[in-house]
Amino acid sequence: MTYNEPWSKRHKKVTGGLPYSLSNSFAEPISNEELISLSLQRGDQDIVDQFHKHSLEYTPNGGSLDLLEEIAKLYGAKITAENIIVFAGGQVGLQTAALALLDQNSHSIVFTPGYQSVLKAPDHAGSTLTEVPLYPENNWQIDPQKVADAMQENTKYMAINEPYNPAGTLMKPEAQQQLKEIAEKNDIYVMSDEIYRLLEHDQKDRLPAMADLYHKGISCGGLSKPWGGCGITIGWLAFQDLSIKQKIIDIQYFGTACPSRASEIQAIMALRASDIIIEKNIKIIKHNVALLDDFVEKYSNFFEWVRPNAGAIAFMKFKGPMNSDELGEILAKSGISIKPAYVFADDSDYFEDYFRIGYGEKIMPRALQALIDFVEEHREQWAVKMNEGCK
Ligand SMILES: Cc1ncc(COP(=O)(O)O)c(C=O)c1O
């Protein structure tokens, strides 16, 4: 097993500690104080008492029943507490499932550009990968025919990520249905990273969870994004097929002995306040997307995007005289952080002008203003270079 070098390593070096972050992908971070206050507001004194008094003995492998039951409420009738495993974050679930279900004799289908943990987990498990490229010309949509064409005799796994990081786009229900049918026909698992699910800008666009839809579907979720609870470090896998459960728990056993009970209780508090927290976060997101709409319109000579409709991220194209890697470097010198194309693939040549921009936080308008000031300062110089034919 050979692990890949994290694509975000260089980005972190370039942007560590910068004051204007447009790099993050989560909704407004929540505090423990808010979780407690929301619990008390709904009369849930018991969970607050548990938070203060809980024992620090090991919790059960795979998560405590009260948390599993709370997570199960996010899914349909086929997903009960028994169909869920809790991890110290969604990423751990992605890696653990791949290690449990794949080996060097297997083949997996993944999509690029993408979030490295989704894309590379099967590779870490020794599986051979087919990377299916997604294109802005196709609104970053998965083409089911390309997936059908990529199937091999030993294909065991497909890893998708919808809503999609880095573009904040969402597949159509028809495409999801087609993918499910292709997976069913080939009898493969679909690992569906749904970490941004519930952050659809319009609820009508929400897709069914893959765990509800398909008997070999695995939905990966977590508190990090919609609830703004990255520091809770609780994620999960939900699946109908109980034959995989013990295999995954056996691999998990060698990593984390158990989730922290304090984290589990914070997760329960967040989940029980989902409606309030997520409604508040969608308001912030919509406000910030409207600011980005104005930005893209005003500076359309330099920027364009496939307008996002889910999550707190978008993949923007810089049309000025440098690629996104170089843009990221000079923005960093002005205290602004973006995520250049290289953070989302080994080879980012065909989308090298793209960078990810995050808009989930209340303070985002401050960072956007810093970007606007930067653009104002450089626009004439960029226009001259573009007229001279420089990229
Ligand atoms: C697509 C995707 N999956 C998983 C994660 C990680 O989730 P967690 O914080 O629960 O490990 C991220 C975080 O950026 C992500 O973008």
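Is Ile-234 buried or exposed, and how many other C-beta atoms lie within 10 Å? Ile-234 is buried, with 30 other C-beta atoms within 10 Å, where a residue counts as buried if 20 or more other C-beta atoms lie within 10 Å of its own, as exposed if 12 or fewer do, and as partly exposed in between, the C-beta atoms being placed from the backbone.

## Basis of the model

This is a predicted model, in which local features need pLDDT of at least 70 and side-chain atom pairs count only at pLDDT 80 or more, while totals for chains, interfaces and linings use all residues. Residues are numbered from 1 along each chain as its sequence is written.

## Overall fold

The protein has 14 helices and 13 strands; helices (H or I, at least four residues) and strands (E, at least two) are DSSP runs, numbered from the N terminus. Its radius of gyration, taken over C-alpha atoms, is 21 Å, close to the 21 Å that the globule rule gives for 391 residues, so the protein is as compact as a globular protein of that length. That rule is 2.2 Å times the number of residues to the power 0.38.

Along the principal axes, the C-alpha atoms fill a box of roughly 65 × 55 × 40 Å, and 48% of the 391 residues count as buried. Among contacts with a separation of 6 or more, 77% are accounted for by residues 24 or more positions apart, two residues being in contact if their C-beta atoms, placed from the backbone, lie within 7 Å.

## Surroundings of the ligand

Of the 15 residues around the ligand, Gly-89, Gly-90, Gln-91, Gly-222 and Ser-224 come nearest; a residue is near a molecule or strand if its C-beta atom, placed from the backbone, lies within 6 Å of it. Helix 5 (90-101) and helix 6 (116-124) are the elements that give two or more residues to this shell.

By residue class, the shell divides into four nonpolar, 10 polar and one charged, where Ala, Val, Leu, Ile, Met, Phe, Trp, Tyr, Cys and Pro count as nonpolar, Asp, Glu, Lys and Arg as charged, and the others, Gly among them, as polar.

## Helix 8 and the residue after it

Helix 8 (residues 173-186) has 14 residues and reaches 20 Å from its first C-alpha to its last, close to the 20 Å expected at 1.5 Å a residue, the expected span being 1.5 Å times one less than the number of residues. Its buried residues are Gln-176, Leu-179, Lys-180, Ile-182 and Ala-183. They cover an arc of only 165° around the axis, which puts them on the same side of helix 8; the arc is that of the directions from the helix axis to the C-beta atoms. These buried residues pack against helix 7 (144-150), strand 5 (155-161), strand 6 (189-193) and helix 9 (210-213), whereas Glu-174 and Lys-185, on the other side of helix 8, are exposed.

Helix 8 is followed by Asp-187, whose phi is positive, near 55°. Asp-187 lies in the loop between helix 8 and strand 6 and is exposed, with 9 other C-beta atoms within 10 Å.

## Backbone geometry in other loops

Most residues other than glycine have a negative phi, and most peptide bonds are trans. Leu-198, found in the loop between strand 6 and helix 9, has a positive phi near 85°, and with 22 C-beta neighbours inside 10 Å, Leu-198 counts as buried.

The peptide bond from Thr-112 to Pro-113 is cis, with omega near 0°, and Pro-113 has its place in the loop between strand 3 (107-112) and helix 6. The bond from Glu-162 to Pro-163 is cis as well, with omega near -10°, and Pro-163 is found in the loop between strand 5 and helix 8.

## Two buried loop residues

Asn-165 lies in the loop between strand 5 and helix 8 and is buried, with 26 other C-beta atoms within 10 Å. Leaving aside residues up to four places away in sequence, Asn-165 touches Ser-25, Gly-114, Tyr-115, Tyr-196, Gly-311 and Ile-313.

Ile-234 has its place in the loop between strand 7 (217-222) and strand 8 (235-239). Again not counting residues up to four places away in sequence, Ile-234 touches Val-86, Gly-222, Leu-223, Pro-259, Ser-263, Glu-264 and Ala-267. The C-alpha atoms of Ile-234 and Pro-259 are separated by 7.7 Å, although these residues are 25 residues apart along the chain.
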